[in-house]
Amino acid sequence: TTARTMFLRRIGRSLIRQAEAATSSGFPEKVTVSLLCPHEAVVHKVPCDQVIIPGVIAEFGVLPGHVPTVAELKPGVVSLRNDKESENYFVSSGFAFVNSDSTTDICAVEAVKVADLDADAVRKGIEQSKNELNASDDVAKAAAQISLDVFEAMDAAIKASN
């Protein structure tokens with residue numbers, strides 16, 4: 001038996017033990033969510049039925065017992081759902097960490113309730129970003145494109161909430 005085979009067997013046994021432990025203890029009924037920014041905890045350990053997360057690869061939902069995941073966020077809406085109610089937050093970027101204990105930590109650069117977004121300011125931001133795309137400097141163009149992407153995602157969030 002090679003060292004690689006022994007290593008893979010050990011990993012396999014460890015994964016089986018983890019799955020058996022999760023099955024025997026059952027999954028929590030709720031996902032515990034924290035939405036964190038560098039300057040504040042926007043949401044701290046709130047129990048939810050489901051969380052919808054705007055991942056870069058795809059938007060995805062998290063239910064209790066979700067497989068552990070790390071996902072990069074794209075500008076979009078994080079939706080905390082309970083029964084038929086949902087609380088929606090716009091996030092600019094960041095990472096989501098879905099843990100095996102049914103906790104989900106969403107670390108965003110900026111987060112704000114969708115209801116608190118100012119539609120007029122967002123439209124002005126879109127126009128300003130479009131104007132800045134004409135810059136001659138490549139770095140300034142890239143910054144303008146990022147700004148435009150975020151403002152357009154905010155605009156889509158506002159429209160979807162109406």
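**Salt bridges and surface residues**

D120 and R123 sit 3 residues apart in helix α2 (residues 119-132), about one turn of the helix. In this predicted model, the two side chains form a salt bridge. Their closest N and O atoms are 2.5 Å apart. D120 is partly exposed, at 46% relative accessible area. R123 is partly exposed too, at 44%.

This pair belongs to a wider set. A search of the whole structure finds 4 salt bridges. Another of them is found in helix α3, which spans residues 138-161. Here K159 pairs with D155, and the closest N and O atoms are 3.0 Å apart. The two residues are 4 apart in the helix, so about one helical turn separates them. Their surroundings can be read from the accessible areas. K159 is exposed, with a relative accessible area of 56%. D155 is buried, with a relative accessible area of 15%. The cut-offs explain the labels: D155 counts as buried because its 15% is under 20%, and K159 counts as exposed because its 56% is over 50%.

K30 forms a salt bridge with D49, with 2.7 Å between the closest N and O atoms. K30 lies in the loop between α1 and β1, while D49 lies in the loop between β2 (40-48) and β3 (50-54), so the pair ties together parts that are 19 residues apart in sequence. Both ends are partly exposed. For K30 the relative accessible area is 31%. For D49 it is 25%.

The loop that holds K30 also holds F27. This loop runs between α1 and β1, the latter covering residues 31-37. F27 is exposed, with a relative accessible area of 52%. Follow the chain onward to S100. F27 and S100 are 73 residues apart in sequence. In space, their C-alpha atoms are 9.5 Å apart.

I11 is partly exposed, with a relative accessible area of 38%. Together with F7 and L8, I11 forms a nonpolar patch on the surface. The three residues share about 270 Å² of accessible area. Patch members need over 30% relative accessible area, so I11, at 38%, passes that cut-off.

Definitions and conventions. Residues are numbered from 1 along each chain as its sequence is written. This is a predicted model: local features need pLDDT of at least 70, side-chain atom pairs count only at pLDDT 80 or more; totals for chains, interfaces and linings use all residues. Side-chain values use heavy atoms; hydrogens and water are left out. Patches are made of residues with over 30% relative accessible area and no salt bridge: like charges are joined within 9 Å, nonpolar side chains (Val, Leu, Ile, Met, Phe, Trp, Tyr) within 5 Å. Accessible areas come from the Shrake-Rupley method with a 1.4 Å probe; for residues, only the protein chains shown count as cover. Buried means under 20% relative accessible area, exposed over 50%, partly exposed in between (1.4 Å probe, protein chains only).
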